[in-house]
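Please open the model in your viewer and keep the selection panel at hand.

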Amino acid sequence: YSYIARALDLGARGIMVPMVESAQQAAEIVKASRYPPLGRRGAAFGFAQCDYRSGDLEGTKQAYHQRSLLIAQIETERGLESLDAIAATEGIDVLWLGHFDLSNFMGIAGQFDHPAFNEAFKKVAEAELAHETRYKKLLQNVEKDTVYKKDKVIRWKCNNCGYIHEGKEAPEECPACKHPKGYFEVLAENY
């Protein structure tokens, strides 16, 4: 946590974490880099990452979540075995194949033309492609302004307090905890 939070607090727009080997590790990376309710990052506003300015903290947190790129480096055989679960972790933006470490852990150090290494590279590319579809669907919702609006009545959940709202749109403010609309998500997959 301390390395991730420190880098982001100093103004880094993203982080690349080496040796990610499991979905649990990936989830911990996300938690360390996101403010509540999406994560457990401590609040430090008005410093380097804010250009030493203050302002609307809820808006600031949302902006940081959107601009912070999280890269999981796949550099071990364990990471390769957990590839799909790591890629499916909400908040991980990019998978990065660490070629020297991965080839070393595979027992074929530096043999980048080895069939097993080529297969590993292909697996990482396939995982990225499979999860790209999810992000493209979410992007369509953003472009069509349907992230918080739907054609029919559905259930929305506040990620801060768990309040459930039924309607075609998420409420502007949670009636239970007063958090803004940005804390709501469809009570199902939102892509």
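## A parallel pair of strands

Begin by selecting β1 together with strand β2 (residues 69-74), which run parallel and are joined by 4 bridges; two strands count as paired if DSSP finds at least two bridges between them. Helices (H or I, at least four residues) and strands (E, at least two) are DSSP runs, numbered from the N terminus. The model is a predicted one, in which local features need pLDDT of at least 70 and side-chain atom pairs count only at pLDDT 80 or more, whereas totals for chains, interfaces and linings use all residues. Residues are numbered from 1 along each chain as its sequence is written, and side-chain values use heavy atoms, with hydrogens and water left out.

Within this pair, pick G14, whose bridge partner in β2 is L69.

## The buried side of α2

Next select A26, I29, V30, A32 and S33, which are buried residues of α2. They lie on the same side of α2, because they cover an arc of only 165° around the axis, the arc being that of the directions from the helix axis to the C-beta atoms. Extending the selection to α1, β1, β2 and α5 (83-87) brings in the elements against which the buried residues of α2 pack, where contact means heavy atoms within 4.5 Å.

Staying in helix α2, select E28 and K31, which are 3 residues apart, about one turn of the helix. Their side chains meet in a salt bridge at 3.4 Å, N to O, a salt bridge being a side-chain nitrogen of Lys or Arg within 4 Å of a carboxyl oxygen of Asp or Glu. E28 is partly exposed at 41% relative accessibility, and K31 is partly exposed at 35%.

A search of the whole structure finds 5 salt bridges. Select D9 and R41, which form one with the closest N and O atoms 2.7 Å apart; this pair links distant parts of the chain, 32 residues apart, with D9 in helix α1 (residues 2-9) and R41 in the loop between α2 (23-33) and α3 (57-67). Is R41 buried or exposed? R41 is buried, with a relative accessible area of 3%, whereas D9 is partly exposed at 22%.

Now move to E21 and R78, whose side chains meet in a salt bridge at 3.7 Å, N to O. E21 lies in the loop between β1 and α2 and R78 in helix α4 (residues 77-81), so the pair ties together parts that are 57 residues apart in sequence. E21 is partly exposed, with a relative accessible area of 22%.

## An open sheet

For the last stop, select the open sheet of 3 strands, which has the order β5-β4-β6 and antiparallel pairing. β5 (164-169) and β6 (184-186) stand at the edges with a single partner strand each, so one side of each is left without a neighbour in the sheet. Neighbouring strands of this sheet are turned by 40° against each other on average, direction ignored; axes are lines fitted to C-alpha atoms, for helices over the stretch in contact, and angles run from 0 to 180 degrees between N-to-C directions. Finally, follow strand β4 (residues 149-158), which is joined to β6 by 3 bridges, and stop at W156, which stands opposite V186 in β6.

Terms used
Buried < 20%, exposed > 50% of the residue type's maximum accessible area, 1.4 Å probe, protein only.
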